[in-house]
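Here's a quick tour for anyone meeting this structure for the first time.

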Amino acid sequence: MKISRKCRHGGDDDDDVRFMAKVNKGAQNIMVAVPDQLAVVFMWSLLTAAFIVILMTATCVVLRVESPSFPPAALQTSRGARCSAVSENSLVARLDVDPGDVHYVFLDDDNRIPLLSACSLESAVNAGPGVNNGRVNVFVVSGIKRIVNHNRTLSKQVSLSSTLSDLKATYGDARLNVTHFTLEECLECSPFKGMNLSGHPTLAKFVVQLVVLWQFGGTLLDDGVVVVRGDVYRATGDTVEYGDRAISSPVACHAFVYKVMLSVKKYALSGQPFTPDIGRTIVNDSATGVDARPVADWVMCRGGVAAVDDRCYYAETIAEVHGHRCPVVVGGEETIRASSPKFRKTIIQATATDAAEDV
């Protein structure tokens, strides 16, 4: 059997050349296309990174608005120091307030205040000056809507403006400093910036008290507390002392006050009603992990009786003040002052306007 072999066609070499040319051309096309695709991928990666940066920036801005304005370093307690952010506040810039001062906060709509509040002011101003004694600062805040509680019993009331005028005429600017400002101005440099608290007077007043204490330090007194002997009690060292009717910070920008502000802000954002009892609970719950302790028991008079001591005492007078006179302590027991205060002529019989609850 013969095996026949097919001979190759003479054009096979040309086909190989053409095939290799096509391969080379395809490789060249691939080499040209790959950089273009890489460029596209790089461009999309760059756009994606830019989008992520913009998104993160926007998130940080939103969180900055919603979060406290003060840097963490400002939480450190430093005697006599001002918070770096607080120093930009116009209220702080224009006031010469010392950590040794005593502070009261009233609402601008408080045209009438209980006689006991006027007695409290007079007693605090009358208690100074002395060693390490500062002025009594009265902060009158506007921009807060007043809610009248008609369920309160009738009580003797006096004019706030007349009371302040009479006290300034008697004791002078060196002992009594009265400052008027808006709620917005007060909250300008605080964790509460941008919050609308105008319709919640009880909460707004408590917030203003905290902001004042944070910005300046000093001692906040409730206007139902009367200094019945000696000087107004002030905290010393680096520890804030707090009670039901007083909070005293020996320095400005104290970590405890800041912590209380954050807790109050969180509660306010929850939308729940706010009462003074809730404020006291928040203060008590915040006294962990910071330099804070309750005011000593002997500071507050109980049952109208003051212990024998050279320190300051307060009288927590619950009953109505009779005879247009302020309570004092004589011989260890509470009595009624023999002489009436100058502002006795402005007595008004009216329904108390303190709001019991913010809803």
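Start at Asp297, which sits in the loop between strand E10 (292–294) and strand E11 (300–301). Keep in mind as you read that this is a predicted model.

- Is Asp297 buried or exposed? Its relative accessible area is 67%, and exposed means over 50%, so Asp297 counts as exposed.
- Asp297 and Gly243 are 54 residues apart along the chain, and their C-alpha atoms are separated by 9.3 Å.

- Strand E9 covers residues 246–249. Ala246 and Ser248 point one way from E9, while Ile247 and Ser249 point the other way.
- On one pairing, E9 runs antiparallel to strand E6 (residues 218–221), and four bridges join them. Within this pairing, Gly218 has Ser249 of E9 as its bridge partner.
- E9 also pairs with strand E8 (residues 240–242), again in the antiparallel sense, over two bridges. Here Tyr242 stands opposite Ile247 in E9.
- How many residues lie between E8 and E9 in their hairpin? There are three residues between them.

**Aromatic rings**

- The count of aromatic pairs comes to seven.
- Trp214 and Tyr258 make a tilted pair, with 5.1 Å centre to centre and 45° between the planes.
- This pair links distant parts of the chain: Trp214 belongs to helix H6 (residues 201–216), Tyr258 belongs to helix H7 (residues 255–269), and the two are 44 residues apart.
- Elsewhere on the list of rings, Phe139, Phe181 and Phe216 form one aromatic cluster.

**Cysteines**

- How many disulfides does a search of the whole structure find? The search finds zero.
- Two cysteines to look up are Cys186 and Cys189. Cys186 is buried, with a relative accessible area of 0%.
- Cys189 comes in at 10% relative accessibility, and since the cut-off for buried is under 20%, Cys189 counts as buried too.

Methods
Residues numbered from 1 in each chain as written. Predicted model: local features only at pLDDT ≥ 70, side-chain atom pairs only at ≥ 80, totals over all residues. Heavy atoms only, no water. Buried < 20%, exposed > 50% of the residue type's maximum accessible area, 1.4 Å probe, protein only. Pairing = 2+ DSSP bridges. Disulfide = S-S within 2.5 Å. Phe/Tyr/Trp six-rings, centres within 6.5 Å; stacked < 30°, edge-to-face > 60°.
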